[in-house]
Amino acid sequence: MQFQLGRNRRKASWAQGLLYSLTLTLGWGAAMPSTLAAQTVTIRLGPFQQSVEIADLEKFAKTGRLPEGLQVFSSVLTPEVRELLTKRLEVDPAVADKFIDELVRSPGGRQFISSIGGAIPGSTVESIKAALNFALRQANGFSALSFLRAYPAENITVDATKAIGFAVEFNPNHLQSQALGLLLERELSAKSNIPFKAAFDPAALGHEIVQQQTIVLNDRQRNRTIPVDIYWSQGKTEDPLVVLSHGFGANRRFLNYLARHLASHGMNVVALEHPGSNVAAVSTSDTKNLAQILPATEFINRPKDVSFVLDELAKLKTQPGQFQSTLNTEKVTVIGHSLGGYTALALVGGEVDLEELRKFCKDSLNISEAPGDWLQCAAASLRDNKLRLQDERVKSAIALNPLVGKLFGKKGLTQVTKPVLVLTGTEDALTPALKHQIEPFIQLRGEKYLLTAIGGTHLSISDPIYPASAATTIVKERRGEETKSLRQLTKGVSLAFIKQLTPEAKIYQPFLKPAYAQSLSTPELPLRLVSELPASIKTWLEPVEK
């Protein structure tokens with residue numbers, strides 16, 4: 001029975017989703033050397049199916065015009081579909097074997113290959129691996145069309161239902177991060193086999209009694225009301241003031257455990273809430289409109305929120321009361337998660353490159369990109385070409401799963417010469433490791449550290465009691481008890497990193513070494529900490545850096 005696509009809107013909507021999914025699936029497939037090239041594609045949905053000539057798809061991809069054989073698809077063969085048909089993934093042929101080896105060893109990679117097999121009836125694991133290996137050796141990369149043409153059969157059949165489910169779950173950037181995970185686990189291992197020993201545990205609760213107070217600050221000039229939680233104790237007032245910036249769709253309690261930990265060691269901590277990109281703003285926005293989900297001005301307002309809060313706290317410490325002379329607003333460390341990570345990097349000196357961002361959003365953005373890649377494009381409507389939002393009071397930054405992508409371009413983070421710690425998770429589907437953390441880490445020019453959680457997700461470092469919501473859990477996350485070791489390491493490393501701005505720097509320096517991270521590592525969640533990527537990793541990343 002032939003499945004015909006007419007003008008029925010429901011059928012058109014399904015078919016468009018199917019074609020998107022098909023091109024996503026096959027875009028990660030490959031061309032295999034064969035004497036028998038496929039001529040047609042049969043799309044199967046239960047008992048229904050429709051055959052399409054590959055030659056007609058190639059004509060459409062090349063010219064944008066629909067041949068007679070594709071007129072039935074006129075309502076769904078959009079410019080976006082054409083882009084997906086021709087979009088190529090380019091990987092240096094010299095590292096093709098390494099890419100495949102690491103991919104098939106990772107749980108996510110094995111699931112990816114299994115899902116391709118389910119979407120293409122009759123294929124085998126071996127044929128898919130061989131296809132990927134061959135395609136990755138092609139100098140010009142591979143695409144959905146090259147896969148179709150090289151498939152060793154006259155016709156290739158695609159199970160539509162499984163293809164759609166597969167396309168929703170995977171995106172290329174996430175897959176690359178998964179493939180890189182096992183390589184990072186091996187290559188970033190501490191060189192010494194001597195067990196890590198220390199005189200004290202920086203991840204243990206400190207001896208200071210923590211107090212907390214909430215104040216509300218009003219920035220009348222920008223019409224923004226900013227709630228602020230202040231955590232303090234009777235600690236050393238010369239220690240840096242720590243400012244916490246939450247991520248998109250979250251609130252100031254997201255890293256509550258970290259705030260209390262640092263305060264228990266004598267630090268003053270301020271957790272602020274960003275109106276316009278907190279959970280309340282996202283919950284009431286139009287989810288179909290990117291400009292309403294995340295206003296472009298938030299990329300400017302967030303760093304300015306921090307600067308405004310520092311200005312107000314500087315006034316507060318001059319007034320009689322419990323905070324008099326206690327808040328070191330001239331020496332600040334900003335800790336940010338996700339969009340808060342961007343905020344921290346902008347404040348510590350990163351230059352936002354809107355010109356390059358706009359080019360990416362116009363020429364390269366498609367439905368296969370991660371949610372973080374779409375969110376960054378909310379900033380593209382800003383008028384400037386460059387943005388400098390640095391605050392000189394910020395002396396160091398910790399960026400946890402930061403949303404970076406193209407926001408700082410290829411050189412914007414080379415402006416950062418102050419200490420920075422970056423956390424990445426190889427299973428982060430929202431802000432994939434390669435584009436959002438590892439490539440940006442390479443740009444940094446000052447003292448820097450990369451903390452890698454092999455298998456960590458976007459919300460793995462969140463407070464266990466922080467409630468999950470639709471705004472923050474659109475994909476499967478690893479959090480709670482199974483990521484306890486990562487939160488322990490985050491507490492210890494954060495304390496040690498911030499202490500580098502104090503006379504106690506040498507005492508805490510051992511906790512910024514690879515051996516400390518590995519002492520908290522588990523088989524389920526390997527943890528690594530380095531200050532520089534080894535040459536083997538940089539070689540592997542060369543195709544990403546282009």
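Modeller: **The core and its surroundings**

Four residues touch the most other members of the largest nonpolar core, which has 73 residues: Val-228, Phe-299, Tyr-342 and Phe-408. Such a core is a set of buried Ala, Val, Leu, Ile, Met, Phe, Trp, Tyr and Cys residues joined through side-chain atoms within 4.5 Å. Buried means under 20% relative accessible area, exposed over 50%, partly exposed in between (1.4 Å probe, protein chains only). Helix 13 (residues 298–316) gives this core its largest share, seven residues. Another core lies apart from it, with 41 residues, including Phe-497 and Tyr-516.

This is a predicted model: local features need pLDDT of at least 70, side-chain atom pairs count only at pLDDT 80 or more, and totals for chains, interfaces and linings use all residues. Residues are numbered from 1 along each chain as its sequence is written, and side-chain values use heavy atoms, leaving out hydrogens and water.

Back to Val-228. Leaving aside residues up to four places away in sequence, Val-228 touches Gln-213, Thr-214, Ile-215, Leu-217, Val-270, Ala-271, Leu-272 and Val-309. Contact here means heavy atoms within 4.5 Å.

Now the disulfide. The structure holds one, a pair of cysteine sulfur atoms within 2.5 Å by definition. Cys-361 is joined to Cys-377, S to S 1.9 Å. The torsion about their S-S bond is about -95°, so the disulfide is left-handed. Cys-361 lies in helix 15 (residues 354–363) and Cys-377 in the loop between helix 16 (371–376) and strand 10 (386–388), so the pair ties together parts 16 residues apart in sequence. Helices (H or I, at least four residues) and strands (E, at least two) are DSSP runs, numbered from the N terminus. Both Cys-361 and Cys-377 are buried.
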